[in-house]
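Dear colleague,

Please find below the structure that I am handing over to you. My notes on what was found in it follow directly after.

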Amino acid sequence: MAIDYQTLRFEYRRHADQETGAQTPFAQVHPVVVVGAGPVGLSAAIDLAQRGVSVVLVDDDDGLSTGSRAICFSKRSLDIFDRLGCAEAMVEKGVRWHVGKVFLKDELLYSFDLLPESGHRRPAFINLQQYYVEGFLIERAQRLPNLQIRWKNKVVGIEQRDKTPDEQASVALTIETPDGEYVLRARYVVAADGSRSAMRRLLDLESKGRTFKDRFLIADIKMEADFPPERWFWFDPPFHPNQSVLLHRQPDNVWRIDFQLGWNVDPVLEKTPERVISRVRALLGPDAKFEIEWVSVYTFSCSRMDSFRHGNVLFAGDAAHGVSPFGARGANGGLQDADNVAWKLAMVLAGRAPDSLLDTYAREREYAADENILNSTRSTDFITPKTPVSRVFRDAVLTLARRHPFARRLVNSGRLSVPAVLYRSTLNTPDRDPFEGEMTPGASCVDAPVACDGTDDWLLAHIGGSFNVLLFTAADRISPDEQAAIERVRSRGVPVDIVVVALRETSDSGARLTADAAAMGGHVLRDMQGLAAQRYDGKPGTMYLVRPDQHVCARWRHARPDDLEAALNRALGVDGTA
Amino acid sequence: MALNTNPNLTRPDDFYEALIDMHRNLTDEQSQSANAQLILLLANHIGDQATLAEAIRIAREEVLGAPPNDALPPTA
């Protein structure tokens, strides 16, 4: 029988940490506490646990997301979920889509395809209710013995403790439970407790930005309908004049409809069933049969914290930054925060990188948040023009877009989430050699079909457990120079996994190449379709160093013996330049 | 590509007449829409962002009263 994730409740259990009482300063110091069991907190906790870090995840509630909330999960998020071992269930349950259509009144202006090329394991987007995403993440989390989730554990106090001669810097959280308060201590805390973050408030910090004077009604309705699995966006439709409407399909015959309401409406009145039903009937027709699943009225706002790091507390997801929803940049951006912070915490806690590596989490993700906020603000300015002249230009664009292709490129109903390219990260080693394509230092790796031991497989399935060296070769052996560079970086003491990509032109059976790779703890993938070579501009001898979050940090046409080691040091922030 | 503010129109008086004529019998609202569409069409034709940004800067500064640092062509 299918699990009803919306009504699922998790049991509060008393933990040994609570026996020491609220007063003791000598409680056990956990490596990491994650606050907030939403998609971001769960992902961060699973990632850390998979990397061998013991994690305590606390949440003030005992259930999953109320209502569908975040519904669009991007390809990059699915790639991250693959690494966390739970994408398959999500893709199976989710509605795949890649086509968006934009209408003016009842006329189709244009449509776009978000994944025009094949050869990717995951689709451009799936729509899946947030409670399913959280449910699947929890099922994964429950299989990790070093990940403990504590429900009904609410953070009500926080104290950052500086480093002393006897102790590392740490954080003491006061936790309120049904059994009273206790102190939970951790070296580091990941605060992923949402847009109304208690952690942020307790530290007297703000997420600053703009609120737009517009309101939107979200209605999730359940119905049998034959709209295709596409994103449909209307400007000024006949059934909802002068405003915009978005229609999206979710699993279980649930449909998300966003109605723009304008500023001068009563949000309480608009949530009443009579109001919602009449708006939905205007769209679907007077005889439409449907049930209302969930309704919410929200206001656009874009904001972020000045810094995502405060002492040993690292903010992630909506706690750190907020965007308006047209663009699916909230949850997807937050998942990239989790992806970024987990490996860095693991490296610092293992003593393999200095604490300052965590500053790069803040800088990289602040940059990404700015990019998301910029895109989201631009969409909002188009959907909700702020001045009469802005409205004139918006309508002029829409008018021109009917017949003139150039104007379609200006129509902005949301620029959908793509991963930020961390171009200026201090962890990148700038290119010395010329390269074509998208896989520049700072980019997250794209997928490609490969063969592994004669079986069809995907490139991304082989990278991201640790640092990876990706070596493209057409030879039947790994050359002495390549071996020297790889051996040298491996001797550094930080796990680096070797992935050899045998180019399509390789005629050799590969037995010796496989043996060479195996001698360095690596394995060989075959680029049967030539797509890995194309997407990575991989030529014989091309080498990439990839971070544990699947981001390129360095690449060479022919690496010198000390190149890999220097780039690894840089990516760990240990060479003094970070 | 720098913004060309030297005379460049092949038939300036004809252009000006056509521009004014574009608004013939239009309501204020229609005129505003026509102006906006014209700007968008021309902007796309120019294409280059730096050139467009230069034009946008000059237009705004002329409205706000820019410091007269670069000589504008004298009006006849």
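In what order do the eight strands of the open sheet in chain A stand? Their order is β6-β5-β13-β14-β15-β12-β16-β19, and the pairing among them is mixed. Please keep in mind throughout that this is a predicted model. At the edges of the sheet stand β6 and β19 (321–322) of chain A; each has a single partner strand, so one side of each is left without a neighbour in the sheet.

As background, the strands of a sheet pair through backbone hydrogen bonds, either parallel or antiparallel. Strand β5 (residues 99–104) runs antiparallel to strand β6 (residues 107–113), and six bridges join them. Within this pair, V102(A) is found opposite Y110(A) of β6(A). The two strands make a hairpin with two residues between them, and K105(A), in the turn, has a positive phi of about 55°. The second pair is strand β13 (residues 231–235) and strand β14 (residues 244–250), also antiparallel, with four bridges. Here W232(A) has L247(A) in β14(A) as its bridge partner.

Two helices of chain A lie across strands of the sheet. Helix α9 (residues 357–383) lies across β12, β14, β15, β16 and β19, and runs at about 120° to β16(A).

I turn next to the nonpolar cores. The largest one has 138 residues, and V190(A) and A316(A) have the most contacts inside it. Helix α8 (residues 330–349) of chain A supplies the largest share of this core, 11 residues. Domain 1 (16–95 + 127–208 + 303–372) and domain 2 (449–571) of chain A both contribute residues, so this core lies between them. Beyond its neighbours within four places in sequence, V190(A) is in contact with several residues, among them V32(A), G41(A), L314(A), A316(A) and V341(A). There is also a second, separate core of 31 residues, which includes F216(A), A219(A), V397(A) and A407(A).

A further contact joins two helices of chain A. In general, two packed helices are described by the angle between their axes and the distance between the axes. The axes of helix α12 (residues 480–490) and helix α15 (residues 563–571) come within 7 Å and cross at roughly 35°. In this contact A485(A), I486(A), R488(A) and V489(A) of α12(A) meet D563(A), L564(A), E565(A) and L568(A) of α15(A). By class, five of the residues are nonpolar, none is polar and three are charged.

Finally, I come to chain B. Chain B has three helices and zero strands, and 4% of its 76 residues count as buried. Is M1(B) buried or exposed? M1(B) has 11 C-beta neighbours inside 10 Å and therefore counts as exposed. This residue belongs to the segment before α1 (12–22) of chain B. Setting aside residues up to four places away in sequence, M1(B) touches D48(B), A50(B) and T51(B). The C-alpha atoms of M1(B) and A43(B) are 14 Å apart, while 42 residues separate the two along the chain. As for the link between the chains, six residues of chain B are in contact with nine residues of chain A. The side of chain B that touches chain A comprises two nonpolar, four polar and no charged residues.

With kind regards

Note on methods: Residues are numbered from 1 along each chain as its sequence is written. Chains are lettered from A and ligands numbered from 1 in the order in which they are written. This is a predicted model: local features need pLDDT of at least 70, side-chain atom pairs count only at pLDDT 80 or more; totals for chains, interfaces and linings use all residues. A nonpolar core is a set of buried Ala, Val, Leu, Ile, Met, Phe, Trp, Tyr and Cys residues joined through C-beta atoms within 7 Å. A residue is buried if 20 or more other C-beta atoms lie within 10 Å of its own, exposed if 12 or fewer, and partly exposed in between; C-beta atoms are placed from the backbone. Domain bounds come from an automatic or database domain assignment. Two residues are in contact if their C-beta atoms, placed from the backbone, lie within 7 Å. Two strands pair if DSSP finds at least two bridges between them. Ala, Val, Leu, Ile, Met, Phe, Trp, Tyr, Cys and Pro count as nonpolar, Asp, Glu, Lys and Arg as charged, and the others, Gly among them, as polar. Axes are lines fitted to C-alpha atoms, for helices over the stretch in contact, and angles run from 0 to 180 degrees between N-to-C directions.
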